[in-house]
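I looked up the entries below one after another.

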Amino acid sequence: MPVYDYLCNRCGPFTEMRPMAQCDAPQDCPQCGETTPRAFLTAPYFAAMSTERRRAHATNERSAHAPSTLSQMKSAHGAGCACCSGKSMRRTKRGKNGAKSFPDSRPWMISH
């Protein structure tokens, strides 16, 4: 469950863990019991997030302000990289009827 910030007029800010379905609902202050609205006081809490998801957020944040150019992406990969060089790693043979065959691949695998 996510943690939300609330601001009580009498006691000050506090946080509460609540279901996402109740994110906009007011919360009672744990000290005085006054009903308080949700406040946006801190950034989202990413510590409980998986490493992969945190990396994805960081990548999206970087690309929003300074997207990578093609030359930067190519320099990040090694020389002869199949994804950037345009060379296909897979050799394809065509039969007389036009059917494709992949002599280096496993015959039981389905290609896309």
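I took buried as under 20% relative accessible area, exposed as over 50%, and partly exposed as in between (1.4 Å probe, protein chains only). The model is predicted, so I kept to its limits: local features need pLDDT of at least 70, side-chain atom pairs count only at pLDDT 80 or more, and totals for chains, interfaces and linings use all residues. Residues are numbered from 1 along each chain as its sequence is written, and side-chain values use heavy atoms, with hydrogens and water left out.

Salt bridges. I searched for a side-chain nitrogen of Lys or Arg within 4 Å of a carboxyl oxygen of Asp or Glu, and the count came to 1. Arg-10 and Glu-34 form the salt bridge, at 3.3 Å from N to O. The two residues are 24 apart, with Arg-10 in the loop between strands S1 (3-8) and S2 (12-17) and Glu-34 in the loop between strands S3 (27-28) and S4 (35-36). Strands here are DSSP runs of E, at least two residues, numbered from the N terminus. Arg-10 counts as exposed because its relative accessibility is 65%; Glu-34, at 23%, is partly exposed.

Sheet. I counted two strands as paired if DSSP finds at least two bridges between them. I found an open antiparallel sheet of 3 strands in the order S2-S1-S5. S2 and S5 (38-39) are the edge strands, each pairing on one side only. S1 and S2 run antiparallel and are joined by 6 bridges. Val-3 has Met-17 in S2 as its bridge partner.

Aromatic rings. I paired rings of Phe, Tyr and Trp (its six-membered ring) with centres within 6.5 Å; planes under 30 degrees apart count as stacked, over 60 as edge-to-face and the rest as tilted. I got 1 aromatic pair. Tyr-6 and Phe-14 are stacked because their ring centres lie 5.6 Å apart with planes at 20°. Tyr-6 and Phe-14 are both buried.

Notes: Helices (H or I, at least four residues) and strands (E, at least two) are DSSP runs, numbered from the N terminus.
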